[in-house]
Amino acid sequence: MSLIVFLFVIGVVMLLLEVFLPGGILGVLGVGAMIAGCVLAFRDYGAGGGVAAVVAALVLTGLGLVLEFVVLPKTALGRKVFLSAAVTGRSGSDAPASVGSAAAETLVGRECEAATVLAPSGVVLLDGRRHEAFCRDGYVEKGARLIVRGSETFRLIVSKT
């Protein structure tokens, strides 16, 4: 009897620790311990004892889930462990802009500045916007003045002035 109770206690503890160590391993081990406890109950106490063990396992599992997902999030520890705020925002405000072929035609011949080292790819500034660029002349230092010569596959083709 003590081994059955021990397996149930270990199973419940592992299920509760699953909240702190996600990944499913502790949950699977906890369920396995409870199943082993049920099997031992069937073997040692017959069908009546086994059914009682299964009911006890289901009740303990239900109580554990309520404790984890209803009670724990409302506690001080739960507020530290569980996420309560959504991550909002957008990307790309400072990211280099990609240039379509139609827009790139309007940029040909314009002067721009290397925002990063182009070796030979990098980022250029044009009208305050960052664009991905490829320099035909190879390596260019940051801050160098460049001319837009064309575009290909969402990047500008530039060369030294």
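This is a predicted model: local features need pLDDT of at least 70, side-chain atom pairs count only at pLDDT 80 or more; totals for chains, interfaces and linings use all residues.
Two residues are said to be in contact when they have heavy atoms within 4.5 Å of each other. Buried or exposed, then, is E68? Its relative accessible area is 6%, and the cut-off for buried is under 20%, so E68 counts as buried.

Leaving out its neighbours within four places in sequence, L15 is in contact with G27, V31, M34, T61 and E68. As for distance, 56 Å separates the C-alpha atoms of L15 and K142, which are 127 residues apart along the chain.

So much for single residues; the helices themselves come next. Two packed helices are described by the angle between their axes and the distance between the axes. Helix α1 covers residues 2-17 and helix α2 covers residues 25-71; their axes come within 6 Å and cross at roughly 20°. Angles under 35 degrees count as roughly parallel, and α1 and α2 are therefore roughly parallel to each other. The crossing in which α1 passes α2 is right-handed. Sorted by class, the contact of α1 with α2 has 25 nonpolar residues, six polar ones and two charged ones.

In soluble globular proteins, nonpolar side chains tend to be buried together. The largest nonpolar core here has 14 residues, and those touching the most other members are C112, L118, V124, L146, V148, L156 and V158. Which elements each supply at least two residues of this core? They are α4 (101-107) along with the strands β1 (111-114), β2 (121-126), β3 (129-135), β4 (145-152) and β5 (155-160). A second, separate core is made of twelve residues, including F8, M34, L40 and A57.

Apart from neighbours within four places in sequence, V158 is in contact with C112, L118, A133, F134, C135, R136, L146, I147, V148 and R149.

V108, by comparison, lies in the loop between α4 and β1. Its relative accessibility is 36%, so V108 counts as partly exposed. With neighbours within four places in sequence left aside, V108 is in contact with V148, R149 and G150. The C-alpha atoms of V108 and I147 are separated by 7.8 Å, although these residues are 39 residues apart along the chain.

P120 is found in the loop between β1 and β2, and a cis peptide bond joins A119 and P120, with omega at about -15°. D127 has its place in the loop between β2 and β3. What is the phi of D127? It is near 55°, a positive value in a residue other than glycine. D127 is also exposed, with a relative accessible area of 57%.

Conventions. Residues are numbered from 1 along each chain as its sequence is written. Side-chain values use heavy atoms; hydrogens and water are left out. A nonpolar core is a set of buried Ala, Val, Leu, Ile, Met, Phe, Trp, Tyr and Cys residues joined through side-chain atoms within 4.5 Å. Buried means under 20% relative accessible area, exposed over 50%, partly exposed in between (1.4 Å probe, protein chains only). Helices (H or I, at least four residues) and strands (E, at least two) are DSSP runs, numbered from the N terminus. Axes are lines fitted to C-alpha atoms, for helices over the stretch in contact, and angles run from 0 to 180 degrees between N-to-C directions. Angles under 35 degrees count as roughly parallel, over 145 as roughly antiparallel, 65 to 115 as roughly perpendicular and the rest as oblique. A crossing is left-handed if the near helix is turned anticlockwise from the far one by less than a right angle, and right-handed if clockwise. Ala, Val, Leu, Ile, Met, Phe, Trp, Tyr, Cys and Pro count as nonpolar, Asp, Glu, Lys and Arg as charged, and the others, Gly among them, as polar.
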